[in-house]
Amino acid sequence: MRRLLGALIIIATIATVACGKSEAEKQAEQMAADTKKAAEAVKEAAKTAQADGGAEMAKAMQGMANALSGKGPDGKPVELASTDTLKGALPKMSGWEMGELKGERMTSPLPFAQAETEYKKGDTEVQVKVIDTGFSQMLIAPWTMMMASGFSRETEDGYEKATTVAGNPGFEKWTKTDGRGELNMLVNKRFMVSIEGDHLDNIKALHTFAEKIDLGKLPATK
């Protein structure tokens, strides 16, 4: 628990200046602020749990769950999209063999829904996953730092950097030796889209997949 709290607080403290930023960058910055609020709520709940124990422990744990489960812009809990709805957003790619559509939905303790599938073309494989976080900062927090404006990290074998994906804040990773790429974006501060590929010539192929995702099928984007 302490490690989780520490990670959330560290991620949440990353902030950038909004002036002159693109809409995607502003969304990433707002997420950092939202994550900070959630982390502070969790920290306070943890203090209560440590101080009182017993029945208060249960209340504190519920407070943590409430802080991390997320609420919509109207302050009310979000009804998660169905797995069929999320499957409908997965792209149809000409020239690629599309695998079985898979879905998963959980309501407690941390609500989320997701759909995923795989695509193959020769030796190249791409996995695409769409996740409805219900605005949960618990799920979004690990991405916050890497989507922050100006984030980048380079090694001899590749890189990681913040970027804009189909008009949304995101980040990408590339490894030269095995042609492995990863592209992630957050849509409407709620839907996480993850695209990973192996044996790629370059990461542009993953951006093509991102552009083909039917964002109009996602409830919060209508």
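Me: Which residues touch the most other members of the largest nonpolar core?
Reply: Heads-up: this is a predicted model, where local features need pLDDT of at least 70, side-chain atom pairs count only at pLDDT 80 or more, and totals for chains, interfaces and linings use all residues. Residues are numbered from 1 along each chain as its sequence is written, and side-chain values use heavy atoms, leaving out hydrogens and water. A nonpolar core here is a set of buried (under 20% relative accessible area, 1.4 Å probe, protein chains only) Ala, Val, Leu, Ile, Met, Phe, Trp, Tyr and Cys residues joined through side-chain atoms within 4.5 Å. Out of 28 members, the top ones are Leu-86, Tyr-119, Val-126, Val-128, Ile-195 and Phe-209.

Me: How many residues are in the second, separate core?
Reply: That one includes Ile-140, Met-146, Met-147 and Phe-171. Its size is 10 residues.

Me: Which residue in β7 does Tyr-159 stand opposite?
Reply: Strands count as paired if DSSP finds at least two bridges between them. β6 and β7 (168-175) run antiparallel with 8 bridges, and a hairpin with 2 residues between them links the two. Tyr-159's opposite number in β7 is Trp-174.

Conventions
Helices (H or I, at least four residues) and strands (E, at least two) are DSSP runs, numbered from the N terminus. Buried means under 20% relative accessible area, exposed over 50%, partly exposed in between (1.4 Å probe, protein chains only).
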